[in-house]
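Here's a quick briefing to read alongside the model. Keep the 3D view open and find each piece as you go.

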Amino acid sequence: MPHWIALIPGPSPSSPCTEATPLDAQSLGWWCLQFTPRVALLDEGVVAELQASHRLFGGPATLAQRITSEALALGCQAFAQADTASAALALARHAGSASLQWVWGQGPWSQRIVGLVNALPLNSLTGIAPHAPTLARLGCRTLRDVRALPRPGLSRRFGSGLLKALDQVDGLQAQAFEWQTLPAVFDARLELPGRVDTAPAMGAAASVLISRL
């Protein structure tokens, strides 16, 4: 069974020169490459397929806990796991309702993931969010409500994109990803907010670049 994890980076601070500056999605994706080569950017987050890396890092639970604990220290604000990339990102967007962050397995856990995804609001999936106002007028509040509507009618009224989003979150339709690769050279610049005359102030700015490296 595929094992996806989704990470959503934290918001950028108002000042660019702070040691707590979180990694952006691109940098977070590069960081994830130490665990698996199957890393991609998906909307505002990063998704990574971990199944092939389980044995190398002590099992799925150990690997997921290491990634999430270290990602939190890098400014990641939300994360979740699922058996598809879309489901993991949807759960991460509403991480408060996703209580399975630290555990992964088959059987009952897979059923629990389905239940959690079905209970998510309409804005959880990018392909459905634009249609949320219309779907709400039809009585839909969750993805489960959308699934209960006849598929032919959904396709005629909303186009194929809505059904595609549902099928991708279920793993019934494959998603195409552009896998991330490390750049050959690290090149980053940081504009200082003003004149810097002290070593500690310069060190604070340098630490931001070092953390990105």
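Tryptophan 179 has 32% relative accessibility, so it counts as partly exposed (buried is under 20% relative accessible area, exposed is over 50%, and partly exposed is in between, with a 1.4 Å probe and protein chains only). Keep in mind that this is a predicted model, where local features need pLDDT of at least 70 and side-chain atom pairs count only at pLDDT 80 or more, while totals for chains, interfaces and linings use all residues. Residues are numbered from 1 along each chain as its sequence is written, and side-chain values use heavy atoms, with hydrogens and water left out.

**Aromatic rings**

- Five aromatic pairs turn up in the structure; rings of Phe, Tyr and Trp (its six-membered ring) pair if their centres lie within 6.5 Å, and planes under 30 degrees apart are stacked, over 60 edge-to-face and the rest tilted.
- The ring centres of phenylalanine 177 and tryptophan 179 are 5.5 Å apart with planes at 40 degrees, so this pair is tilted.
- Trp4, Phe177 and Trp179 are linked into a cluster by ring pairs.

**The sheet**

- Helices (H or I, at least four residues) and strands (E, at least two) are DSSP runs, numbered from the N terminus.
- In what order do the four strands of the open sheet come? The order is β2-β3-β1-β4, with antiparallel pairing; two strands pair if DSSP finds at least two bridges between them.
- At the edges sit β2 (39–42) and β4, each pairing on one side only.
- On average, neighbouring strands of this sheet are turned by 20 degrees against each other, direction ignored.
- Between β2 and strand β3 (residues 45–49) there are four bridges, and alanine 40 stands opposite valine 47 in β3.
- Four bridges also join β1 to β3, where tryptophan 4 has glutamate 49 as its bridge partner.
- Strand β1 (residues 4–9) is joined to β4 by six bridges: alanine 6 partners alanine 80, and leucine 7 partners phenylalanine 79.

**What's tucked away**

- Six of the six residues of β1 are buried, so β1 is largely enclosed by the rest of the structure.
- Trp4, Ala6 and Ile8 point one way from β1, while Ile5, Leu7 and Pro9 point the other way.
- Strand β4 (residues 76–82) is largely enclosed too, because six of its seven residues are buried.

**Helices on the sheet**

- Helix α1 (residues 25–32) lies across β1, β2 and β3, at about 145 degrees to β1; angles run from 0 to 180 degrees between N-to-C directions, and axes are lines fitted to C-alpha atoms, for helices over the stretch in contact.
- Helix α2 (residues 60–73) packs on the sheet as well, touching β1 and β4, and its direction makes about 165 degrees with that of β4.
- Which residues of α1 are buried? They are Ala25, Ser27, Leu28, Gly29, Trp31 and Cys32, and they pack against β1, β2, β3 and α2.

**A helix pair**

- Helix α7 (residues 151–158) and helix α8 (residues 160–170) have axes that come within 6 Å and cross at roughly 130 degrees.
- That makes α7 and α8 oblique to each other (under 35 degrees is roughly parallel, over 145 roughly antiparallel, 65 to 115 roughly perpendicular and the rest oblique).
- Arg151, Leu154, Ser155 and Phe158 in α7 meet Ser160, Leu162, Leu163 and Asp167 in α8, where contact means heavy atoms within 4.5 Å.
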